[in-house]
Amino acid sequence: MKYNFNAIEAKWQKYWADNQTFKAENQSDKPKYYVLDMFPYPSGAGLHVGHPLGYIASDIYARYKRHQGFNVLHPMGYDSFGLPAEQYAILTGQHPADTTRVNIDGGHDKEGNYIDGYRRQLDQIGFSFDWSREVRTSDPSYYKWTQWIFIQLFNSWYNNDSDKAEDISTLETIFSAEGNTTVNAVCDENIEPFSAEDWKSFSSEKQQQILLQYRLTYLAETEVNWCPALGTVLANDEIVNGVSERGGHPVIRKKMTQWSMRISAYAERLLQGLDKIDWTDSLKESQRNWIGKSVGASVTFNILPNVTLSAVEGSHKIDVFTTRPDTIFGVSFMTLAPEHELVSQITTPEQKDEVEAYILATAKRSERDRMADVKTISGVFTGAYAEHPFTKEPIPVWIGDYVLAGYGTGAVMSVPCGDERDYAFAKHFNIPIPNIFEGVDISEEAFSDKAKTIIANSDFLNGLNYKKATKRAIYELEKIGQGEGKTNYRLRDAVFSRQRYWGEPFPVYYVNGLPQMIAAEHLPIKLPEVEKYLPTETGEPPLGNATVWAWDTEKNEVVSNSLIDNENVFPLELNTMPGWAGSSWYFNRYMDANNPDEFASKEALEYWQDVDLYIGGSEHATGHLLYSRFWQKFLFDKGVVPVDEYAKKLINQGMILGTSAFVIRVVPGLISKKGDVFLQKADKLPPIFISYDRELLTQNDEKGKLSYFTRDSKSEDIFELLENLSKEYKDYFTSEDKEKYDISFNFLHGIHVDVSFANASDELDTESFKNWMPDYKNSKFILNENGTFKVGRDVEKMSKSKYNVVNPDDIVADYGADSLRLYEMFLGPLEQYKPWNTAGITGVHSFLKKLWKLYADDNGLKVTDATPTKENLKTLHKTIKKVQEDIENFSFNTSVSTFMIAVNELTAQKCTSKEILEPLLVLISPYAPHIAEELWEQLGNSGSISTAPFPEFDASHLVESSKNYPISFNGKMRFTMELPLDMSKDAIEEAVLANEKTQEQLAGRTPKKVIVVPGKIVNIVG
RNA sequence: GCUGAAGUGGUGGAAUUGGUAGACACGUUGGACUUAAAAUCCAAUGGACAUUAGUCCGUGCGGGUUCAAGUCCCGCCUUCAGUACCA
């Protein structure tokens, strides 16, 4: 009986599918456990070996929990809306729904290429997913509920008093009873106050407009990140370094009417919630920074009337936010962002030219320039003065681009003695720097240490520390009506509209420009067919191309645009939802994925509650993982879901990097004596490559870019070879060339080659390489001293252009899924970034072969009913203990080595005992399920191993009677000594000192001290 | 700059509360088997010195605490990730 992994794996994958082994039930006497992976976007490129890493880890955990008697929910699905399918559609005209389906289910694309499909790729790795619960975000039966949630958000407002979302009808009730002055809501700024009578007298349209300012999703003209190349709006987290994350296109600011999500309403709860979930510290920290809470005060400064101003109203005020109200007496100037709306109103005629020039200059600088250039201090005096709220002294008002329009109020009170930036600004423009700190020297730099602050020269704040002074300052500000305590958040509301085709359509139509929700019973509103997936010629989103995209309010269905009469038939929304809409609630849908009537049934939600373990990449820290927490909290407020944090524990798996291989190409050339002029004629010769380990004295050109070598003893043979070659290729270098240039040299150039051409010893398969591309057909190779040709190695992200992508299909075909699973875990800690190197897989593969041999040889099964020996039991129980601890600590790499040790030991012990070998299979089955199932069956068990109970650890088998003590001298281990464990400290000391090796080490000296730690170590000092 | 993580053989990585550094693999070298290769098996493998016994040095760098430090403390350096003129 041989270990025929291909047959075994196919057999058991079929068994699991046929028997629905991993189907989870929504009712069970067992305790529940929910293991979730971040669902993938099904791209046309398919999976590479880096993708399944997290899935393997979660699968091991899910299988382990099944062995422990849990009812495990372990689902999988696809985040199948997205930009790549749309861009592919624009390029090829294929419907994104079709290409997406092929990418998942496999099949032929329009060009006739066969695409394997995600599903088959996942299946062959042997995951224990419950496929009956699969979701696809682009499926109407799924996005029906995404649209439903959107309607719920539209019909809700956030009540700060109850600190939760409430139905919009409660707000309308308040409005008609008391007006809006008593309402404590999260809403747009600058809403006009009105009374109950006012409300009742407003037209329906006016009422709708007002309500829109309170709804949790609302339509507003916002400044958005517009990407002209993609023809769409991007969220902040879709922009990296000022360019679009996808494609790297430039992004500009533009005003547009867009749907927004009032996530800012949940800022505090999103922050507080982090304390009760077990996510990694770095991820929580990212979210905290993103939310950006700062506690302080808002302070109002009045602008002093200036007789030279044309509009002398004297009513101009500057609102600022500060975290240091305690330093208010240190204010010596104020700074506004150049974009601040007050700038034009308060600037004096004398300063006008200068200010306008500065604003123009700032506007020209891109956001990027402004960010990159932190050192340069610039600003202009507006000529205006504000009045200090307490001292009534005039304070000059400046503008400066270090103040950002987008944060706080876009204006700051500048306290140069307490803030580095204010300090630098004051120094640069010779503004006074009053010192308001007791016993602190501020002649060189600002003092910003809150903890050591004692306020001075500050009237009623004198002698107070930071905490007390802050409290007092706020109290005094409130007393005079010029400020109050305030908490500021960096978190902005999220733009929710995208000008794309391949996303969820909004369930929204427009009456007189006002958005109306389509009633939930008419959902889903399906994506219309369009001729082209590009924006329309008039600049409307792709849905503007649809001809059947209007809502008939009588028939309650989507009808032809030609029927729009704005009485019964109205235009539908042309934007679609962003990528994060569908992924913000999918974990709830898995609980009851096929429910046509509800988002998920109450019973299912009550039973499964939340995700116990969530595994995915850390790149979603401030995107998906924040938005989904927001939606969950909202759904919790609405009573739809039973918990307000959906994932108890979250682990980020690290990325698997590719180990690229490259060859060094030698390009012969000529060089002038000064080394500044080169002549190369690479195309005249066949390509020449040199083994990577060939020792050469290389030099760099002036810029340090080109690496080359000239003739010396080490490169003599290379030059000879090239000269011989050049005889064959006559027009290599002409005699004229040789006159012009002085030195002949060889230029070295690294070229990535397909990783499959290089073996574990870094040797290149030169024949495969030659056949790889026509250009390399006649390649010549310069070998090393051992007569082999070696490639260089580099660790970098897997990408097609580096030819370092490894397809799991190939690994599964060559070594089997169990080997792939074990090897991915064996590579290193789950959360770490680590390089993939296919060569190393032979280690785990031969481990599986050894495991197999423990159970069966050429004559068949060799497991017996023999009574296990003490050693056998010790090995087994040691393994149970370690593996259990490892799984619970997500230290999967170390359990793989534990298995190797166990199998090595049992092989050495010639163990054939079923009592040992049967439980060993259960231990291994989460990691290598196929081989475990097969041997489990061979041992005479019927049914799947997947629900066999996890072996019980029995400590009694590990009890030792003696210990091999390390005996060290001054901390250095010299030899070991076997001593009974029940020996007393004194007896150990005596025995060790009596040992002749001890005397040898001491060489006559008397030990000063002997440290004996029973069961651990003996250390002799002296 | 700030926040978080990490620096251990030729490589991936072990080392649970301070207690035998380098487990387990890969690679390398030598050997067995084979006509040969692959596969498999055996042995060696941190570095230096030493015929052996053994000695010295070794966990990014410099200090410190301790009988004992990869692990704890202080001060640096480097790499990766996130974030940034956040008032």
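Three bridges join strand 39 to strand 42 (residues 1017–1021), and these two strands run parallel; strands, at least two residues long (E), and helices, at least four (H or I), are DSSP runs numbered from the N terminus, and two strands pair if DSSP finds at least two bridges between them. In this pairing, Ile-967 stands opposite Val-1018 of strand 42. The model is predicted: local features require pLDDT of at least 70 and side-chain atom pairs count only at pLDDT 80 or more, whereas totals for chains, interfaces and linings use all residues. Residues are numbered from 1 along each chain as its sequence is written, chains are lettered from A and ligands numbered from 1 in the order in which they are written, and side-chain values use heavy atoms, with hydrogens and water left out.

Strand 39 (residues 962–969) is also joined to strand 40 (residues 972–980), in an antiparallel arrangement with eight bridges. Tyr-965 has Met-977 of strand 40 as its bridge partner. Two residues lie between the strands of this hairpin, in which Asn-970 adopts a positive phi near 50 degrees.

Chain A contains 32 helices and 42 strands. Its C-alpha atoms fill a box of roughly 100 × 85 × 80 Å along the principal axes. Of its 1022 residues, 52% count as buried, where buried means under 20% relative accessible area, exposed over 50%, and partly exposed in between (1.4 Å probe, protein chains only).

Strand 26 (residues 613–616) is covered on both faces, with Leu-613 and Ile-615 buried on one side and Tyr-614 and Gly-616 buried on the other. Strand 1 (residues 32–37) runs parallel to strand 26 and is joined to it by three bridges; Asp-37 stands opposite Ile-615. Strand 27 (residues 650–652) is likewise parallel to strand 26, again with three bridges, and Asn-652 of strand 27 stands opposite Gly-616.

The structure holds 40 salt bridges, each defined as a side-chain nitrogen of Lys or Arg within 4 Å of a carboxyl oxygen of Asp or Glu. In one of them, the side chains of Arg-63 and Asp-59 meet at 2.9 Å, N to O. Both residues belong to helix 2 (residues 52–67), four residues apart, about one turn of the helix, and both Arg-63 and Asp-59 are buried. Another salt bridge links Arg-119 to Asp-123 at 3.0 Å, N to O. Because Arg-119 and Asp-123 are four residues apart in helix 5 (residues 118–123), about one helical turn separates them. Arg-119 is partly exposed, at 26% relative accessible area, as is Asp-123, at 30%. In helix 11 (residues 281–291), Arg-288 and Glu-285 lie three residues apart, about one turn of the helix, and their side chains form a salt bridge of 3.4 Å, N to O. Arg-288 is partly exposed at 28% relative accessibility, and Glu-285 is partly exposed at 39%. Elsewhere, salt bridges with shared partners connect Lys-276, Arg-629, Lys-633, Asp-644 and Glu-645 into one network.

Asp-737 is located in helix 22 (residues 735–740). With a relative accessible area of 11%, Asp-737 is buried. The C-alpha atoms of Asp-737 and Asp-29 are separated by 88 Å, the two residues being 708 residues apart along the chain.
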